[in-house]
Amino acid sequence: MSLLVRGVCAAGARGMSLGAGSRCCCRRSFWAGGCGSPSGASRWAERLGWGAAAAAAAAALAGLGVARRAEMEQQMRRGQLAGGGGGGREAEGDDELALRCERFMAPPVSGLGELRDRRGAMRSRMELLIMETQSQVCNALAQVDRGAQFTVDRWERKEGGGGISCVLQNGEVFEKAGVNVSVVFGHLSEEAAQQMRSRGKTLKGKSGKLPFCAMGVSSVIHPKNPHVPTIHFNYRYFEIEEADGTTQWWFGGGTDLTPTYLDKDDAVHFHKTLKEACDRHNPELYPKFKKWCDDYFYIKHRGERRGIGGIFFDDLDSPSKEEVFQFVQSCAKAIVPCYVPIVKKHCHDTFSPEEKLWQQIRRGRYVEFNLVYDRGTKFGLATPGSRIESILMSLPLTARWEYMHSPPENSREAEILEVLRHPKDWVP
């Protein structure tokens, strides 16, 4: 059963109480009395025999919201946080891990003990990265849309794993903003395996089964104002175990922008920020992944791109796992600076009913791409036990299809269509 937690909002991000009866993930609200203070939490942990390090971690957890904190307490009782009463470097590392997780929108999908036991493994490192990315983006959006509320929905997949969906709807700035984390494992469906083989993957299962682990953070943000563009990002990691015991791994992802109207300064800022993230690792990456993005987000039946691009890559497994991870980390850190300044610049712009209509028509194109071509949507729908609400989180609340609609020549609507049909290079 999924845990529905409401009330992660701008006020919550600033540490304000949401009132009696609220179920929230606000990180700094304190319990009243008992173990509610940091010192009370420490004494409570020490009485359970966890030692000083665990007591310190328990004190830090006193700042968690009630629902989230209760869940982390449960993990602590199972010995997943500090594991007995150990001390020294290992205990210090446990404290650091607990404090790192305390900044997330919800406890990580994997138990803290599991993350601790395999802390050096890429699966754990990637899960922590996507949880951090979710938190950073949600907090940034909440600061812009101060009257908005996030619903934090924790869900489980009976075949293995689960996820955390953070969704904002009907805010002042954002009509719908979703930031989803999923960590799933089990056996690939034949449909999903065929989809991967069609991209050149050689997958050899045992008795027809392919054990896999997949995790990622995915987001689509649809603003209300037609002068604020939509953004999408996704960063993911796959592992597949073959019949001989070898493991195939790869990363994928990207960030792309879909404006209703073209603002050249915004386009330059967006692409420049992504290029700088790529250039830290290799100056050849941005032009390669920019073209890949333009080609991938192509709506074939319309003869146009979904937006003005960004970066996109998939099946990335070289030069090394560590180097690719560091690259993905840089891309994830570029999300907020490449987008939020554009939102702040335009969120109070005036707009006409005709401009709002054009936004709705462009959203219809967005829906067409996501349902017809998008790999992530296809993989999710082909994976048994997938959570449909989270997969279709990318769709806008409203969209429109008009028969044979064509904008006037030399209009701003025609201007953006020209760019979508003939992509431009925005930065050298």
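The model is predicted, and a search of the whole structure finds seven cavities of 30 Å³ or more.

**Largest cavity**

- The lining is made up of 42 residues, and those nearest the centre of the cavity are Ser218, Asn234, Gly376, Thr377 and Phe379.
- Elements that each supply at least two lining residues include the strands β4 (174–187), β6 (230–241) and β10 (309–316), together with the helices α8 (190–197) and α14 (375–382), whereas β5 gives the most, with seven residues.
- By residue class, the lining of this cavity divides into 16 nonpolar, 18 polar and eight charged residues.

**Second largest cavity**

- Among the residues that line this cavity are His222, Pro223, Thr258, Gln359, Arg362, Arg363 and Tyr366.
- Both β5 and α13 (353–372) supply at least two residues of the lining, and the largest share, four residues, comes from α13.
- The lining of the second largest cavity comprises five nonpolar, five polar and two charged residues.

**Contact of α11 with α12**

- Helix α11 (residues 321–333) packs against helix α12 (residues 335–346) at an angle of about 15°, with the axes 4 Å apart; because angles under 35 degrees count as roughly parallel, α11 and α12 are described as roughly parallel to each other.
- In this contact, Cys331, Ala332 and Lys333 of α11 meet Ile335, Val336 and Pro337 of α12, and the residues involved divide into five nonpolar, no polar and one charged.

Note on methods. Residues are numbered from 1 along each chain as its sequence is written. This is a predicted model: local features need pLDDT of at least 70, side-chain atom pairs count only at pLDDT 80 or more; totals for chains, interfaces and linings use all residues. Side-chain values use heavy atoms; hydrogens and water are left out. Axes are lines fitted to C-alpha atoms, for helices over the stretch in contact, and angles run from 0 to 180 degrees between N-to-C directions. Angles under 35 degrees count as roughly parallel, over 145 as roughly antiparallel, 65 to 115 as roughly perpendicular and the rest as oblique. Contact means heavy atoms within 4.5 Å. Ala, Val, Leu, Ile, Met, Phe, Trp, Tyr, Cys and Pro count as nonpolar, Asp, Glu, Lys and Arg as charged, and the others, Gly among them, as polar. On a 1 Å grid over the protein atoms alone, a cavity is a set of points where a 1.4 Å probe fits but cannot get out, and a pocket is an open set with protein on both sides within 12 Å along at least five of seven lines; lining residues have an atom within 4 Å of a point. Grid points are joined across faces, edges and corners, and a volume is the space filled by probe spheres set on the points.
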